[in-house]
Amino acid sequence: MIRHVVMWSMKEHAEGADRATNAARVKALLDSCAGLVPGMLRWDVAVAQPGLEASCDVLLVSEFADRIALDAYQGHPHHMAMKPFIGAVRSARHCMDIEI
């Protein structure tokens, strides 16, 4: 099994919106990927909450049955279509894949 964890920090302003609005948009885009490919076992997306410690604005924690399932997600047209928007509104991205 592979755990795929990604964290994004948003720009203060991008694509005509502020940080919080873009974080919510990114969450909605990511939420639309749940169950996208066979072998996707877990899909949790969170936005940093006011008053709670956070070093990023959006967090994705997902799990895949194997590398084949993760690769299918990575190359899926729906996933590929959201990447330009996320790239335009993020200031930083951190990713880690872990075999568990």
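## Ala-23 in helix 1

In this predicted model, Ala-23 is found in helix 1, where the residue is buried, with a relative accessible area of 3%. Leaving aside neighbours within four places in sequence, Ala-23 is in contact with Met-10, Val-47, Asp-57 and Val-58.

In soluble globular proteins, nonpolar side chains tend to be buried together. Here the largest nonpolar core has 22 residues, and those with the most contacts inside it are Trp-8, Leu-30, Trp-43, Val-58, Phe-64 and Tyr-73. Two or more residues are given to this core by each of strand 1 (2–10), helix 1 (19–31), strand 4 (40–47), strand 5 (58–64), helix 2 (67–75) and helix 3 (77–89). Strand 1 supplies the largest share of the core, namely four residues.

Which residues does Leu-30 contact, once its neighbours within four places in sequence are left aside? They are Trp-8, Trp-43, Val-45, Val-58, Tyr-73, Met-82 and Ile-86.

## How the helices meet

The axes of helix 1 and helix 3 come within 10 Å of each other and cross at roughly 170°, which means that helix 1 is roughly antiparallel to helix 3. On the helix 1 side, the residues that meet helix 3 are Asn-22, Arg-25, Val-26, Leu-29 and Leu-30, and their counterparts in helix 3 are His-78, Met-82, Phe-85, Ile-86 and Val-89. Sorted by class, the contact of helix 1 with helix 3 has seven nonpolar, two polar and one charged residues.

Helix 3 also meets helix 2, and the axes of these two helices come within 5 Å and cross at roughly 50°, so helix 2 is oblique to helix 3. Tyr-73, Gln-74 and Gly-75 make this contact from helix 2, while Pro-77, His-79 and Met-80 make it from helix 3. The residues of the contact of helix 2 with helix 3 divide into three nonpolar, three polar and no charged.

## Cysteines without a partner

A disulfide is a covalent bond between the sulfur atoms of two cysteines. How many disulfides does a search of the whole structure find? The search finds zero, and Cys-33 accordingly is in no disulfide, with the nearest cysteine sulfur, that of Cys-95, 14 Å away. Cys-33 is also buried, with a relative accessible area of 0%.

For Cys-56, the closest cysteine sulfur is likewise in Cys-95. The two sulfurs are 12 Å apart, which is too far for a bond, because a disulfide requires a pair of cysteine sulfur atoms within 2.5 Å. With 14% relative accessibility, Cys-56 counts as buried, because the limit for that class is under 20% relative accessible area.

## A positive phi at Glu-15

Most residues other than glycine have a negative phi. Glu-15, although not a glycine, has a positive phi of about 50°. Where does Glu-15 have its place? Glu-15 lies in the loop between strand 2 (13–14) and strand 3 (17–18). At 53% relative accessibility, Glu-15 counts as exposed, because that class begins over 50%.

Note on methods. Residues are numbered from 1 along each chain as its sequence is written. This is a predicted model: local features need pLDDT of at least 70, side-chain atom pairs count only at pLDDT 80 or more; totals for chains, interfaces and linings use all residues. Side-chain values use heavy atoms; hydrogens and water are left out. A nonpolar core is a set of buried Ala, Val, Leu, Ile, Met, Phe, Trp, Tyr and Cys residues joined through side-chain atoms within 4.5 Å. Buried means under 20% relative accessible area, exposed over 50%, partly exposed in between (1.4 Å probe, protein chains only). Contact means heavy atoms within 4.5 Å. Axes are lines fitted to C-alpha atoms, for helices over the stretch in contact, and angles run from 0 to 180 degrees between N-to-C directions. Angles under 35 degrees count as roughly parallel, over 145 as roughly antiparallel, 65 to 115 as roughly perpendicular and the rest as oblique. Ala, Val, Leu, Ile, Met, Phe, Trp, Tyr, Cys and Pro count as nonpolar, Asp, Glu, Lys and Arg as charged, and the others, Gly among them, as polar.
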